[in-house]
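Please keep the sequence and the structure in view while reading.

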Amino acid sequence: MNQTDISVFKQLEQELAALRIELPSEGRSVTVTDFGARADSNFCNTEAFNQALMYCRREKAEKLIIPKGVYRFKECSQNAHLILDDMENFTLDGQGSELIFESLSSYLSICRSSRILVRDLILDWNWEKAPLSSVGVVSEAAEDGSYIECVFPAYEEIAEDMTFSIVGPFDPCRYTPGCPGGMEFRPYQNEHVKKSGDEKTDAQMQELVRELSNVFLPRQEKTAANRLRFYTSDPDFTRRHFHVGNCFNFRHYEYDILTIPIQDTRDCTLDNVVIYSSPGSGFVGNGDIHGLHLKGCRVTVRPGTSRSVSTATDCLHVCNSQGSFIIEDCDFGYAGDDCINIHDNSSMGIQLLDSHTLLARRVTKESVLFETGYPVELRNPDLSPTGFSSLLTAVQYSPETKTCRLTFADALPEGLSTDTVLWNKRFSTQNYIIRGCRFTNNRARGVLLQGSNGMLINNVFENIQGAAIQIETGCESRWSEGHGVRNLIIRGNVIRRCDLNAWQMAVLYMGVYLPGGRTEEPVFQNILIEQNSFIDCPRQAMFLSSCRNVIVRGNTVINALKLDLEAPCYGSSTMEKPIYGEHYEGVIQFEKASDWIEENNHIFSTRI
């Protein structure tokens, strides 16, 4: 432990206090009912709404009003039902209306626009036509492990051909995601892995995917009105891990749509927008967006229903952006993935082609957005700098092999590793405030913070299946996210009963995922963690690694270390011991860290 620098935090607070997202000005308004929209359960409003939006775009009307009602959207021939693309100084005023969708297109698109406000609107999916998830309870497990049967109590009758993307533990009493000792798995093959074609590197990258798959055979049968029998692929595994009474959330959808994609847009505000459900991610920012304000928004299950998921993946996902976000007074939960994930993307793995050209592996255009003229920095496999950064002069994607040929303006350095990491520095997802929000009853993480210059203050995290707060950077065969995190304040948050399934070692986890293991490179710098409450932690309260200038002070930790730190993991893993073969100890642990302070933290237990 050495001397830390606190001046950076004062400067960060001053800079973020000046953050503003510009609102549209008032002007002429029109009403969707003037274009044929009807609050009629048998009427499809897609065409009427888009005629109204096209009129507003052409005539530069500043506001479109949706008189309060329930509007159905049954079909869509475009990428989105409501298209707010290429608009400027515009307000969509929902007046508390509900929009119900049932086709796999985005609900509402905002692309290449500026000064946009969407307010007082409820968005939902038609569960009567296609439920997004179903809660099942193991009612029988064959003695020889060849099958399990599950009853689905919320249904009088179920379809025999129900399909599933991922199955997760569900608390049968609380009827919420996650429960101690619960297991998560993909019934069939994991389709999200990106292979490079090189067996050795593929195996290294795959090692980090601690996810069960191929648990079920592609065979099932209906044995009663609301009961299904699943035939399993490994009888021994089945006997050990499936027992009568185990409760699971069987999810039918995952990455099927982007509910509200926001791309290449400046100054966008969403005020009191509610997403009760969607077969994909909720609010999604990507590309040259700058200035995003979510105020009083909610992503949660509809009251009065037995639904078990809100959005099939993240509530809010922002990547490869220009930053400047305010997320305040929001309520996110019941999502199929993280409540919030903020990051820029990267890729690992190269093949040198000539002095200026390389082939980047595991690359898709939508993930890294390499384009001619963009600056790209090369990092060593441990994320330490190579000292090389240059503009791209040519880019050629090969979608069939998930590779990309990149030509640089400057000569590439000699001796580059085949596991070199590429950071697209055209984007910078940073400068954000997350305050006064609630993150509860969620399947994955509360917030996954992989961007710099941020403040996470006065929020509540409760009943989260994974870590409440995860600060991360890394590369593996499904995704590569983050360029490290610098300048972050975590203050005044209440974290209660999180990391239910012991996904990570702590409810506040900071670390990398890399084939080579933890790195000595301080990819996380200038982190202040103060005046937070950590209550009911399965294992550690904080695990902080690969970092420099970290201050942990004035926090209270109550009832941590409930589980053996050396015990096997469970949840989204193959139930092996913690990664990297590390030794864990203490309530707050620093690993591969320098210039840190831990002081005036109050740690105690009320468990006898």
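The sulfur of Cys247 lies 7.5 Å from the closest cysteine sulfur, which belongs to Cys179, and this is too far for a bond. The model under discussion is a predicted one. Cys247 is buried, with a relative accessible area of 8%. For Cys150, the closest cysteine sulfur is that of Cys247, at 9.0 Å, again too far for a bond. Cys150 also counts as buried, at 0% relative accessibility. How many disulfides does a search of the whole structure find? The search finds zero.

Cys247 leads on to strand β14, which covers residues 247-251. This strand belongs to an open sheet of seven strands, arranged in the order β11-β10-β14-β8-β9-β13-β12 with antiparallel pairing. Why is one side of β11 and of β12 left without a neighbour in the sheet? The strands β11 (176-177) and β12 (216-224) stand at the edges and each has a single partner strand, so one side of each has no neighbour there. Within the sheet, β14 and β10 (residues 166-171) pair in the antiparallel sense over four bridges. In one of these strands, β14, Asn249 is the bridge partner of Gly168.

**Aromatic rings and charges**

A pair of aromatic rings is described by the distance of the centres and the angle of the planes. The count of aromatic pairs comes to 28. The table presents two of them.

| Pair | Distance of centres | Angle of planes | Arrangement |
|---|---|---|---|
| Phe164 and Phe230 | 5.6 Å | 70 degrees | edge-to-face |
| Phe590 and Trp596 | 4.0 Å | 15 degrees | stacked |

Planes over 60 degrees apart count as edge-to-face, so the 70 degrees between Phe164 and Phe230 place that pair in this class. Phe164 lies in the loop between β9 (147-151) and β10, while Phe230 lies in strand β13 (residues 227-232); the pair therefore ties together parts that are 66 residues apart in sequence. Both Phe164 and Phe230 are buried. They also belong to one aromatic cluster, whose members include Phe152, Phe185, Phe248 and Phe250.

The charged end of Arg229 sits over the ring of Tyr147, 3.9 Å from its centre. Arg38 lies over the face of Phe43, at 3.9 Å from the ring centre.

**An enclosed strand**

Is strand β17 (residues 281-286) largely enclosed or open? Six of its six residues are buried, so β17 is largely enclosed by the rest of the structure. It pairs in the parallel sense with β15 (residues 258-263) over five bridges, and in the parallel sense with β20 (residues 316-319) over four bridges. Gly285 in β17 is the bridge partner of Ile262, and Gly285 also stands opposite Val318 in β20.

**The largest nonpolar core**

The largest nonpolar core has 103 residues, of which Leu84, Phe283, Phe332 and Ile469 touch the most other members. Strand β43 (residues 540-553) supplies the largest share of this core, six residues. Leaving aside residues up to four places away in sequence, the contacts of Leu84 include Leu53, Arg57, Phe90, Leu108, Cys111 and Val118.

How values were computed: Residues numbered from 1 in each chain as written. Predicted model: local features only at pLDDT ≥ 70, side-chain atom pairs only at ≥ 80, totals over all residues. Heavy atoms only, no water. Pairing = 2+ DSSP bridges. Helix = DSSP H or I, 4+ residues; strand = E, 2+ residues; numbered from the N terminus. Core = buried A, V, L, I, M, F, W, Y, C linked by side-chain atoms within 4.5 Å. Buried < 20%, exposed > 50% of the residue type's maximum accessible area, 1.4 Å probe, protein only. Contact = heavy atoms within 4.5 Å. Phe/Tyr/Trp six-rings, centres within 6.5 Å; stacked < 30°, edge-to-face > 60°. Lys NZ or Arg CZ within 6 Å of the ring centre and 35° of its normal. Disulfide = S-S within 2.5 Å.
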